[in-house]
Amino acid sequence: MENDWSRDTQKYAVLTWISFLIAAVFTMLMFAFVDPLLIVDSINVAMLESRNAGYAIGFFFLWANGWVAGWLTLRLVRRKRNWPKSPAKKT
Amino acid sequence: MAKTSGSGYEYGKLYRSEDKVYPREVKGRFATLRRVAMFVLLGVFYGGPWLIWEGRQAILFDLPARKFYIFGMTLWPQDFVYLALLLIILAVSLFFFTAIAGRLWCGYACPQTVWTEAFTWIEMAIEGDRNKRMKLDKAPWTLTKIRKKALKQFCWITLALFTGFSFVAYFTPVRPLAADLVNMEANSWTVFWLLFYGFATYVNAGFMREQVCKYMCPYARFQGAMFDHDTLIITYDEERGEPRGSRRRGSDAQAQGLGDCVDCTMCVQVCPTGIDIREGLQYECIACAACIDACDTVMDKVGSPRGLIRYSTERALEHKSYRLIRPRTIVYTGILVVLLASMVSSIALRKPAIMDIIRDRNTLYRDVGREGIENSFTVRIVNKHNVDHEYKLSVSGLEGIELRTDSRIAVAGESVVTVPVSVTVPHEHAAGGNVISFELTSIDGSDITVIEESRFRGPTESY
């Protein structure tokens, strides 16, 4: 198996990992103030009726949120394809 | 300062394709130290949940009950400030150690390194050292290869699942959890997180390895900001080593115009991130010191002094003196001392009870005739002790202020009680918004007093 990471693989790996780390930290911060039962109660699905479900929903929500924000940012700041070759800069 | 290895970057090609890194096994001082660190840290992680303290699991983050037990101390969500402080202290410590000793964290303590080390160790035990592994990967799928690969996967998956189990055991009491798992009765969320963490371990330590450090780790990218010329880094002594080249045993290297580096490439072969340290400090370097061990071994063999690759600083390489006390370290030490002191003192002075006063949001105030103006509050009392307490609630701050509800409140150990409370103030003193304070005092002999402020609202004086 070759560990040949293309630009895209790198991009998605970084995106997934960083949003995961940030989500982990913010899950801790959020649930220090918010009781996960609040989330569960407002969703009101029979299957998800425990604090544990609330924690999981909160974590994955934050993760998805960070992922989408990061993905959009990457899309919007992406450099043009076929960037013209610039003349060598004199330093 | 940091020179990148990426001399091959071109327009239109922003990455370098890289081959799989097969780190060679290395023996030496730092390899031993790293192995010791690995066993100690993994031992702490895997053993942690099994510790018992005063009849309860010593470290248990009981999320469903929203209580954290840490060695006899019980933390509530309201104690969140300690968690925040702890995270900040850990971050500043990381800056501090990075400024002094470079990437010690990466080389010895980072979970990514530790588990990669464990997984590589399994791989080496089953598939053999570097050359054997490279050969095995190229070889056709014979029965031996299938057997070796399957055995490796089995060991990896077992270790990953056990890691997941240990992780979950910090959140679910470990003994019942083990029993539930054996009886297939475990909570589905618990099983989900066990598999989730196990899978992450398996992928991160088994496959992604150094790629995590190179591409995904934010710390690796930010470390430049924490480094200075006195930071301990792993360096190749270019002055001594160059020009590098192979030589015949016993021949006079100096006469041939060669430096001490025999160009055996052992330092490259042992590197878990696959870089060549001789090209200078690179951000991929996780400072694991494997190249130091490898080079020292070679230097011993060829009869040159050790330390061609060694822990050093940029200033030392320029033959300048080393400074431990410098603005950067003074600032980091100062911040650390202040944070640690505030954390220790606030934990020591922690109140065993918490009171929250929540104003009734629906009605600002009520005119209750002769008694005056009434405000309603919800008082939430958290008893953090594991014994029951009885409290008396009183209110002050305005002339004639009175509590209309029962002032005696009993709260069982480690529980929360919410009571509606109404307060009245005579008309003549009730105008506008005034600060009042609630005082909660224990009346069972224990010495607990909590004071919280709120606002009393009355009609505005516009008539």
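This is a short walk through a few features of a two-chain model, starting with the helices of chain A and ending with some loops of chain B.

Okay, housekeeping. Keep in mind that this is a predicted model, where local features need pLDDT of at least 70, side-chain atom pairs count only at pLDDT 80 or more, and totals for chains, interfaces and linings use all residues. Residues are numbered from 1 along each chain as its sequence is written, while chains are lettered from A and ligands numbered from 1 in the order in which they are written.

So, chain A. Its secondary structure is three helices and zero strands, running α-α-α from the N terminus. Helices here are DSSP runs of H or I with at least four residues, strands are runs of E with at least two, and both are numbered from the N terminus. Of the 91 residues in chain A, 13% are buried; buried means 20 or more other C-beta atoms within 10 Å of the residue's own, exposed means 12 or fewer, partly exposed is in between, and C-beta atoms are placed from the backbone. Among chain A contacts with a separation of 6 or more, 63% link residues 24 or more positions apart. A contact is a pair of C-beta atoms, placed from the backbone, within 7 Å.

How do α1 and α3 of chain A cross? The axes of α1(A), residues 7-33, and α3(A), residues 51-77, come within 8 Å and cross at roughly 140°. Axes are lines fitted to C-alpha atoms, for helices over the stretch in contact, with angles from 0 to 180 degrees between N-to-C directions. That makes the pair oblique, since under 35 degrees is roughly parallel, over 145 roughly antiparallel, 65 to 115 roughly perpendicular, and the rest oblique. The crossing is right-handed, which is to say the near helix is turned clockwise from the far one by less than a right angle. On the α1(A) side, the residues involved include A:Phe20, A:Phe26 and A:Phe31, and on the α3(A) side they include A:Trp63, A:Trp67 and A:Trp71. By class, this contact has 15 nonpolar, six polar and one charged residues. Nonpolar is Ala, Val, Leu, Ile, Met, Phe, Trp, Tyr, Cys and Pro; charged is Asp, Glu, Lys and Arg; the others, Gly among them, are polar.

Over to chain B. There's an open, antiparallel sheet of four strands in the order β13-β11-β15-β16, with pairing meaning at least two DSSP bridges between two strands. Nine bridges join β15(B), residues 433-442, to β16(B), one of them between B:Ile436 and B:Ser454. That hairpin has six residues between the strands, and B:Gly445 takes a positive phi near 95° there.

Speaking of phi: most residues other than glycine have a negative one. B:Arg66, in the loop between β3 and β4 of chain B, has a positive phi of about 55° and is partly exposed, with 18 other C-beta atoms within 10 Å.

Last one. Is B:Phe227 buried or exposed? B:Phe227 sits in the loop between α10 and β6 of chain B, and is buried, with 20 other C-beta atoms within 10 Å. Its C-alpha is 9.0 Å from that of B:Phe95, 132 residues away along the chain.

Note on methods: Contact = placed C-beta atoms within 7 Å.
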